[in-house]
Amino acid sequence: MSDTKLVPLQIVTEQPAEEPATTATLATQRPRRGRGLLPTRSPKFVTGLVLVVAITLFAVIAPLFAQNPRSTDNAALQPPSAEHWLGTTKLGNDMFAQLATGAQGSLLVGVVAGGIAIVLSLLFGVLAGYLGGWREDALALLTNVMLVIPGLPLVMVIASFVPQRSWQLVAVVLGITSWAGAAYVLRLQTRSLRTRDYVYAAKVAGERSFRVILVEIMPNLLPLLTAQFLFAIIFAILGEAGLSYLGLGPNSSITWGTILNDAQSGQALGRGAWWWFVPPGIMIALLGAGLALINFAIDEVINPKLRNAPDAARRVRRAAKTKGVTA
């Protein structure tokens, strides 16, 4: 008789298969927060972020090592040299010092005007989209009135009636005239979000309207809010530069726009003093390009079609090549 051991029979119990999530369950699930809000791997985002951070660091650090931007002790209209890296102006102002100080002024105008514009767009856009009814109609009416009023001519009229204009005044005027477009977009998006099941569930649970807006709706608007804020900054910086070039910008502060106005009034182009107007123009272009690239990258997060378009185009080209080879 062989030495064989009997192995006890193991009874395998079949685990019940998980039931697929129903449509109602999927609809009431809250979206994951903190993921997918910023396109961290996008080349557009990285390039734009490098440009914006570099210009911001220049505006913060460079004035610490530059001379007084209003000093007239230097020789006039000197080309770039080891002593004056970007030359001097007609009055002997050091252009490097003016460019660094102007960077601070332009960035402050953009950030303050963008902040005012985004706060007003939140008040008139998100509230109108969430409240509905006659309150939405009243807020939407004011938004539509601001939409049909041309912003830059209105700013020019307001600035022409104020003899002493600081950068704070220019930023406030630009902010209160540039919020309507963002408010319209936010109102439409909020109207779509307020019909979601998880918003209804929060209302049924007795949550206050303020908490529903802050916890349930605002996280879904973060990419859109960021894009609108960046666009408001671009509009404010370009608007301030245009106003200053026309002589309607801040007359008690130095910005890139006021430098361009001084170069125009000092006939820098006719004198061949390219170092007077080229650097501020390049800085405005680089900052606008950096903010625009970040904005485009955020648009790809908001609209998946834009994010998937390059892959789809590559697949079409690959299929066309394969078909051409096999044919």
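This short talk describes the helices, the charged pairs, the aromatic pairs and one serine of the structure shown above.

Good morning. Please keep in mind throughout that the structure is a predicted model.

Let me begin with the overall architecture. The chain contains 13 helices and zero strands. The chain has 327 residues, and 39% of them are buried. I would also draw your attention to the contacts between residues at least 6 apart in sequence: of these, 73% join residues at least 24 apart.

Next, I turn to two of the helices. How do α3 and α9 pack against each other? Helix α3 covers residues 95–131 and helix α9 covers residues 209–245; their axes lie 7 Å apart, at an angle of about 140°. The crossing of these two helices is right-handed. In terms of residue class, the contact of α3 with α9 comprises 20 nonpolar residues, six polar residues and one charged residue.

I come now to the charged pairs. Side chains of opposite charge can pair when their charged atoms come close. How many salt bridges does the structure hold? There are four.

Consider E136. One of its partners is R187, and the closest N and O atoms of this pair are 3.6 Å apart. The two residues belong to distant parts of the chain: E136 sits in helix α4 (residues 133–148), R187 sits in helix α7 (residues 180–193), and 51 residues separate them. Are these two residues buried or exposed? The cut-off for a buried residue is under 20% relative accessible area. E136 has a relative accessibility of 7%, so E136 counts as buried. R187, with a relative accessible area of 8%, is buried because this value also falls under the cut-off.

R191 also forms a salt bridge with E136, and here the closest N and O atoms are 3.4 Å apart. Because R191 lies in helix α7 and E136 in helix α4, this pair ties together parts that are 55 residues apart in sequence. R191 is partly exposed, with a relative accessible area of 35%. These residues belong to a network of salt bridges that links E136, R187, R191 and R194.

Another salt bridge joins E207 and R211, with the closest N and O atoms 3.4 Å apart. E207 is partly exposed at a relative accessible area of 31%, and R211 is partly exposed at 41%.

Let us proceed to the aromatic rings. A pair of aromatic rings is described by the distance of the centres and the angle of the planes. A search of the whole structure finds four aromatic pairs. In the pair of F58 and F96, the ring centres are 5.8 Å apart and the planes stand at 80°, which means that the pair is edge-to-face. F58 belongs to helix α2 (residues 43–65) and F96 to helix α3, so this pair links distant parts of the chain, 38 residues apart.

F96 is buried, with a relative accessibility of 17%. F96 also forms an edge-to-face pair with W85, at 5.2 Å centre to centre and 70° between the planes. Since W85 lies in the loop between α2 and α3 while F96 lies in helix α3, the pair ties together parts that are 11 residues apart in sequence. W85 is exposed, with a relative accessible area of 57%. Together, F58, W85 and F96 form one aromatic cluster.

Which residues are in contact with S244, once its neighbours within four places in sequence are left aside? They are G249, P250, T255, G257, T258 and N261.

To conclude, this predicted model has 13 helices and zero strands, a network of salt bridges that links E136, R187, R191 and R194, and an aromatic cluster formed by F58, W85 and F96. Thank you for your attention.

Note on methods: Residues numbered from 1 in each chain as written. Heavy atoms only, no water. Axes fitted to C-alpha atoms, helices over the stretch in contact; angles between N-to-C directions. Helix = DSSP H or I, 4+ residues; strand = E, 2+ residues; numbered from the N terminus. Left-handed = near helix turned anticlockwise from the far one by under 90°. Nonpolar A, V, L, I, M, F, W, Y, C, P; charged D, E, K, R; others polar. Salt bridge = Lys/Arg side-chain N within 4 Å of Asp/Glu carboxyl O. Buried < 20%, exposed > 50% of the residue type's maximum accessible area, 1.4 Å probe, protein only. Phe/Tyr/Trp six-rings, centres within 6.5 Å; stacked < 30°, edge-to-face > 60°. Contact = heavy atoms within 4.5 Å.
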